[in-house]
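Please keep the model open as you read.

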Amino acid sequence: MRRLLAVVLLGTMLLVSGCTGGKEPARPTTPAEYRAQLKLATMTASDHIYNQGARRFAELIKERTGGRIEITVYPEGQLGKGERELLEAVQQGTIDLYLGSSAPVAGFSPSIMALDLPFLFRDYQHVDKVLDGAIGRKLLDELEKAGFKGLAFWENGFRNLTNSRRPVRTPEDVKGIKIRTMENPVHIAAWKAAGANPQPMAWGEVFGALQQGVIDAQENPVAVIHSHKLNEVQKYLSLTRHIYAAAPLIMSLKRWQEMPQADQELFLKTALEVAAYERSLGRDSEERMLQELEQRGMQVIREVDTAAWQKAMQPVYDEHGKQFKETIDAIVNTR
């Protein structure tokens, strides 16, 4: 009987051990217990302000964690063909961090689409007050419903139009022009309202499509136009500044939940700190980049009819603005 009892007890212990052996270890409660190698992905060129900011963020995190957490930056779409593909990988936890325009994020978290409405922001000072304050934090927190953790808003800057057909100063000048847009309903509606023919397309396909004449135009901030050498396939750059491109730094919620609270707080604090640095890179060098584009042969149209563009794109507010009225009103009323 004693032998039988011993055998049963031993079998039970082995069974319990086998059942629990596959479980993940408990979440570390202190930073000393936590170590990670993280991947941060972007679609932009290595020297674009996104990646300059991302490398600074990685340096500070490594320094402030004593090397426990290391972040490797993968620019130029090395980990995916487009923004949506990268975001899906972050959602699934196969990529840890994403930095890119807010427009593709709207496909996962519709509330952030409010930021894409044309001529919503007055200037960069207005941008900073909104995105670094309660409105920005609320939009970032909404991302958790989609499996993301929003760390902070960085930026791409105000978007401008380039094309290979003719100088553009008014909406009349874009009638019939085929323009690449992101896969975002607000962007598509804005260009339809202006009279252009919008063509949603992943960023990785754009240069080739412009080169082959599949599309005539695209729109992006100066930093993208400069770093991706779009002057090689586009003759004209019109400073329309029609939409501000916020750039949320997003982390996989799965990876975020694995981190100790102290490291979570460090990530949030460092992301906000680097936001100011990353924004300054584009703002302080925009005029220099414009002059370099002119030297490369691009014609920069600085004087555009802003009032006419605002009027042409106003119907977008009737089509898409109602669902974001509370957020839009809060942004407009921020002083």
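Ile 179 stands opposite Ala 217 in strand 8. Strand 8 (residues 217-220) runs parallel to strand 6 (residues 178-181), and two bridges join them. Strands here are DSSP runs of E with at least two residues, helices are runs of H or I with at least four residues, and both are numbered from the N terminus. Two strands count as paired if DSSP finds at least two bridges between them.

This is a predicted model, in which local features need pLDDT of at least 70 and side-chain atom pairs count only at pLDDT 80 or more, while totals for chains, interfaces and linings use all residues. Residues are numbered from 1 along each chain as its sequence is written, and side-chain values use heavy atoms, with hydrogens and water left out.

Next comes the helix pair. The axes of helix 7 and helix 12 (lines fitted to C-alpha atoms over the stretch in contact, with angles from 0 to 180 degrees between N-to-C directions) come within 8 Å and cross at roughly 115°. That makes helix 7 roughly perpendicular to helix 12 (65 to 115 degrees). The contact (heavy atoms within 4.5 Å) is made by these residues:

| Helix | Residues in the contact |
|---|---|
| Helix 7 | Ala 190, Trp 191, Ala 193, Ala 194 |
| Helix 12 | Trp 309, Ala 312, Met 313 |

The contact residues divide into seven nonpolar, no polar and no charged. Ala, Val, Leu, Ile, Met, Phe, Trp, Tyr, Cys and Pro count as nonpolar, Asp, Glu, Lys and Arg as charged, and the others, Gly among them, as polar.

Definitions and conventions: Angles under 35 degrees count as roughly parallel, over 145 as roughly antiparallel, 65 to 115 as roughly perpendicular and the rest as oblique.
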